[in-house]
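My plan is to look things up piece by piece and jot down what I find.

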Amino acid sequence: MKEEILRNMAVIQERINNACKESNRNPDEVKLLLATKTVPAERIKIALQAGHTLIAENKVQELKEKYEALKGVSHTNHFIGHLQTNKIKEVLKYDVSCIQSLDRIDLAEKLQQRLEYEDKTIDVLVQVNTSNEESKFGVHPDNAIALVQQIARLDRLKIKGLMTIGLFSAETEKVRQCFKLLKNIQQEIIALNIPDIQMKELSMGMSGDLETAIEEGATIIRVGTAIFGQRIYPDSYYWNEQKA
Ligand SMILES: *Cc1c(COP(=O)(O)O)cnc(C)c1O
């Protein structure tokens, strides 16, 4: 089990290095985030102890279940799943440093309120639905800039960039269009010089499409299956829930 995870991580690092070489990028610019949904804490620990310390969950419930077991091992937690407003208080209990899936103003405003109350701040990425699939969360690309402008006024939310889930398709060029779109939105936002935000991070690319994402400028890739193996639940379990 340990050898398998370590071997998989070495393969991913090699894929990152090769993709960076192809696109003349420095591998240091690309952070590997481990998507740990359904993965037991024991397996996550193996990756953390090997030095890959950026991890993320999709559900507050799983964050909670694994919290105690992972507490003693140094790591950074992001949140990448659909967040319901009634889970805000809960998610803030578990040392999440960045919510990558912020996709609507009501969620942002309620987060702001709670953070004011707790006298905290949090990093956020704005999730954009670049694949036009009904089933995926994220703000519509046409509304992304307006949403960033609105969130920028909320002083407890520190915008660091954008996140997307690319189209699930074997057609690389179609997937690439999703990543290009996110990059274009990023560039438009940078040109607006919105005060008090950063737009450096582009979180895009997963096990199947990380090379394409890196070629298009990803700074964070989110990898699950290629490191921890196939999940028993289909991803629709995480992505197609009832919208809050
Ligand atoms: C599960 C998940 C990933 C990782 O997907 P894999 O195909 O297993 O690498 C990345 N991002 C999000 C938002 C996810 O839910």
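Predicted model: local features only at pLDDT ≥ 70, side-chain atom pairs only at ≥ 80, totals over all residues.

**Entry 1: helix 2.** I began with helix 2 and asked which of its residues are buried. I noted Ala 41, Arg 43, Ile 44, Ile 46, Ala 47 and Leu 48.

Then I checked what comes after the helix: Gly 51 follows helix 2, and its phi is positive, near 105 degrees.

**Entry 2: Lys 37.** Where does Lys 37 sit? I found Lys 37 in the loop between strand 1 (31-35) and helix 2 (41-49). Is Lys 37 buried or exposed? Its relative accessibility is 5%, and because buried means under 20%, Lys 37 counts as buried.

I also checked the UniProt record, an unreviewed entry, which lists Lys 37 for "modified residue: N6-(pyridoxal phosphate)lysine".

**Entry 3: the ligand.** I then turned to the ligand and its surroundings. Of the 13 residues around the ligand, I wrote down the ones that come nearest: Lys 37, Asn 58, Ser 207, Thr 225 and Arg 231. The shell divides into six nonpolar, four polar and three charged residues.

- An N or O atom in the side chain of Thr 225 is 2.5 Å from an oxygen atom of the ligand.
- For the side chain of Asn 58, I read 2.7 Å between an N or O atom and a ligand oxygen.
- A polar backbone atom of Gly 224 lies 2.9 Å from an oxygen atom of the ligand.

How much of the ligand does the protein cover? On its own the ligand has 390 Å² of accessible area, and the protein covers 96% of that.

**Entry 4: Lys 66.** Lys 66 is buried, at a relative accessible area of 8%. What does its side chain reach? I traced it to the backbone oxygen of Thr 36, at 2.9 Å.

Leaving out residues up to four places away in sequence, I listed what Lys 66 touches: Thr 36, Lys 37, Thr 38, Val 39, Ala 41, Ile 44 and Glu 57. I was pleased to meet Lys 37 again among these contacts.

Entry 5: Last, I went back to UniProt. The unreviewed entry places "domain: Alanine racemase N-terminal" at residues 41-230. Over residues 41-230 I noted 41% helix and 18% strand, with the end C-alpha atoms 16 Å apart.

Note on methods
Residues numbered from 1 in each chain as written. Heavy atoms only, no water. Buried < 20%, exposed > 50% of the residue type's maximum accessible area, 1.4 Å probe, protein only. Polar contact = N/O pair within 3.5 Å; in protein donor to acceptor, adjacent residues only side chain to side chain. Contact = heavy atoms within 4.5 Å. UniProt positions renumbered as here; feature names shortened; annotations may be inferred. Helix = DSSP H or I, 4+ residues; strand = E, 2+ residues; numbered from the N terminus. Near = heavy atom within 4 Å. Areas by Shrake-Rupley, 256 points an atom, 1.4 Å probe, with all protein chains shown as cover. Nonpolar A, V, L, I, M, F, W, Y, C, P; charged D, E, K, R; others polar.
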